[in-house]
Amino acid sequence: MIKDITIGQYIPADTPVHNLDPRSKIIITFVFITALFLVNTFFGYIYILAFMGIALGLSKISPKYLFRGLKPLVFIIVLTAILNIFMTEGEIIYKLWKLTITKEGLIQAAFMCIRLVFLITGASLLTLTTSPIALTDGIEKLLNPFKKIGVPAHELAMMMTIALRFIPTLLEETDKIMKAQMARGADFESGNMIARAKAMVPLLVPLFISAFRRADELAMAMEARCYRGGDKRTRMKQLKFEMRDIYASIITIAFGGLIIWSRF
Amino acid sequence: MKKTVFLVQAALIAAVYATITIALAPISYGQLQVRVSEALTVLPFFTPAAIPGLFVGCIIANIFGGGGPIDIIFGSLATLVAAYLSYKMKRKWLVPIPPILINGVVIGYVLHYLYGMPLIPSMLWVTLGQTMACYIIGYPLMNVLERYKDRIFSLR
């Protein structure tokens, strides 16, 4: 069952969005999110929609993948809507016992839900078009300037790369351990919440010990190949800013300008 | 050797954290969401490698979680600070306190800011979930790992 979970929803393709430098994509995503929080009218969302539309069109990602990312969050979106509808004070439209629905509440709920949907789909577009390895490469490069103040950029990126490499392995292992413990009579599904929480311990301990054994072996293998940290390390794929990154930046700056302009 | 072992141990702690978050994501107890992987926040008690490990694990888990960059940045920074404070705790029963309080406040605020939820209830809600993960799963985990700590965590 665990195997059904796809991690890193990366969909490889050869499109202008996929081929952008991961650094540009990370920065653009941050600008997009900031812009999203700057929007203060429904009209402003038109620009957001247009920007998303351009990015989505160029990336040739089917919108169905974007909406798939929303599924696990339906609960939180609905909760947001309900809380906003009932908790906002204003002109009362409908009253049921102590619950009141206000006009402002409905507007606020719609506004928050739209923001949330854009937030999630915008972030998924980054992970859908960027492989996890490219993403960590980009993060390492972006963190480089902070090395001077003691941020261990290379080490963090290396940890991320190793961790990403081991997640599928450990997922398989979790599945095996669960089955093995179930064969010994472990019960992960029944009982009250405290019993179910406690049932996790026999799963975590073996997983943990096996992970540390792997860490030992990997450290030894890296040492044997003369791993000496990030200094003077060369890479197989060099990141390079190209013309398309400049075009993307121009579009993003224009988009940011429009959003700020739409506030007034 | 020590430096590489530290780095790799941290990486594997990150991998375990992310794996558990992803594998057990559907497990929630009715209204109360318990992130089982938060039980691993007891690890700084055994090894300082858990501080960057939990941080990176939380970044990865939140990237896949889909909460967006705000969740990725603030959630992970909260975990980093909490892990450091747990590492500084000298008494065993105090170790789960920082992740409970810091996440309760920070994540509660993030929920309030992102989803417009009422501030105090969402903080209490997160704190309760964290308490479940850290004391009911994390604390027994700490007791079991303590028995094997010399064999597991030793930096050769």
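A:Y94 stands opposite A:I101 in β2(A), where strands are DSSP E runs of at least two residues and helices H or I runs of at least four, numbered from the N terminus. This is a predicted model, so to speak: local features need pLDDT of at least 70, side-chain atom pairs count only at pLDDT 80 or more, and totals for chains, interfaces and linings use all residues. Residues are numbered from 1 along each chain as written, chains are lettered from A and ligands numbered from 1 in written order, and side-chain values use heavy atoms, with hydrogens and water left out.

**The hairpin in chain A**
- β1(A), residues 92–96, pairs with β2(A) in the antiparallel sense over 4 bridges; pairing takes at least two DSSP bridges.
- With 2 residues between the strands, this hairpin has A:W97 at a positive phi near 50°.
- On β2(A), residues 99–102, A:T100 and A:T102 make up the covered face, while A:L99 and A:I101 sit on the uncovered one.

**A:H154**
- This histidine lies in helix α8 (residues 153–183) of chain A, and is buried at 4% relative accessible area (buried is under 20%, exposed over 50%, partly exposed in between; 1.4 Å probe, protein chains only).
- Its side chain makes a polar contact of 2.9 Å with that of A:Y227 (N or O atoms within 3.5 Å, one able to donate a hydrogen and the other to accept it; residues adjacent in sequence count only if both atoms are side-chain atoms).

**B:V95**
- B:V95 is in the loop between α3 (68–88) and α4 (97–115) of chain B, and counts as buried because its relative accessibility is 0%.
- Beyond four places in sequence, B:V95 touches residues including B:F45 and B:M142 (heavy atoms within 4.5 Å).
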